[in-house]
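Me: I would like to learn how to read a few features of a model. Could you take me through them one by one?

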Amino acid sequence: MRLRNNLNQQEPVLSSSIKVEGVADTDADGVEDLILRGNNSIDCWKMGLGAVQSKKQIFAGTGPYWQIVGFPDFDGDRRRGVLFRGNRGETWSWDLNGATIVRSGPLNTVDPNWKITVKQD
């Protein structure tokens, strides 16, 4: 099945270098949006009415060191953010409003052998 956009046109097939990292309601509209990762960027595809409404780059310049491990709502505003983990156990968070990073910063470093799980409500 291929996605359609808001003009009812089929979206192009994603390049093999682009990975869907997950879904997260990044703007508190009650609809899960797609979070995608390319070679060096992370993008948000805004979904609505069963179609892609818009595509925006959240950030360019992310390398393979940081892995996305979840999409928690860090501050209870119903907007999901992005939780990253570095290879040495560092963690970093992005608080999002749509495709805009409103707050970004380090969290704690945890043992790299630990598995991080994010509870989705």
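**Reading the features**

Reply: Start with leucine 14, which is placed in the segment before β1 (19–24). Strands here are DSSP runs of E, at least two residues long, numbered from the N terminus. This is a predicted model: local features need pLDDT of at least 70, side-chain atom pairs count only at pLDDT 80 or more, and totals for chains, interfaces and linings use all residues. Residues are numbered from 1 along each chain as its sequence is written, and side-chain values use heavy atoms, with hydrogens and water left out.

Me: Is leucine 14 buried, exposed or partly exposed, and why?

Reply: Buried means under 20% relative accessible area, exposed over 50%, and partly exposed in between (1.4 Å probe, protein chains only). Leucine 14 has a relative accessible area of 33%, so it is partly exposed.

Me: Which residues make the nonpolar surface patch?

Reply: Patch members have over 30% relative accessible area and no salt bridge; nonpolar side chains (Val, Leu, Ile, Met, Phe, Trp, Tyr) are joined within 5 Å, like charges within 9 Å. A salt bridge puts a side-chain nitrogen of Lys or Arg within 4 Å of a carboxyl oxygen of Asp or Glu. Areas come from the Shrake-Rupley method with a 1.4 Å probe; for residues, only the protein chains shown count as cover. Here Leu14, Ile18 and Val20 make a patch of about 210 Å².

Me: How many bridges join β3 and β4?

Reply: Two strands pair if DSSP finds at least two bridges between them. Strand β3 (residues 41–48) and strand β4 (residues 51–60) have 8, in the antiparallel sense. Glycine 48 stands opposite alanine 51 in β4. The two strands form a hairpin with 2 residues between them, and leucine 49 in the turn has a positive phi of about 55 degrees.

Me: How many aromatic pairs does the whole structure hold?

Reply: Rings of Phe, Tyr and Trp (its six-membered ring) pair if their centres lie within 6.5 Å; planes under 30 degrees apart are stacked, over 60 edge-to-face, the rest tilted. The search finds 4 pairs. In one of them, tyrosine 65 and tryptophan 66 have ring centres 5.5 Å apart and planes at 80 degrees, so this pair is edge-to-face. Phenylalanine 84 and tryptophan 94 are also edge-to-face, at 4.7 Å centre to centre and 70 degrees between the planes. Phenylalanine 84 is in strand β6 (residues 82–85) and tryptophan 94 in strand β7 (residues 91–97), so their pair ties together parts 10 residues apart in sequence.

Me: Is phenylalanine 84 buried or exposed?

Reply: Phenylalanine 84 is buried, at 3% relative accessible area. Tryptophan 94 is buried too, at 5%. Phe59, Phe84 and Trp94 form one aromatic cluster.

Notes:
Helix = DSSP H or I, 4+ residues; strand = E, 2+ residues; numbered from the N terminus.
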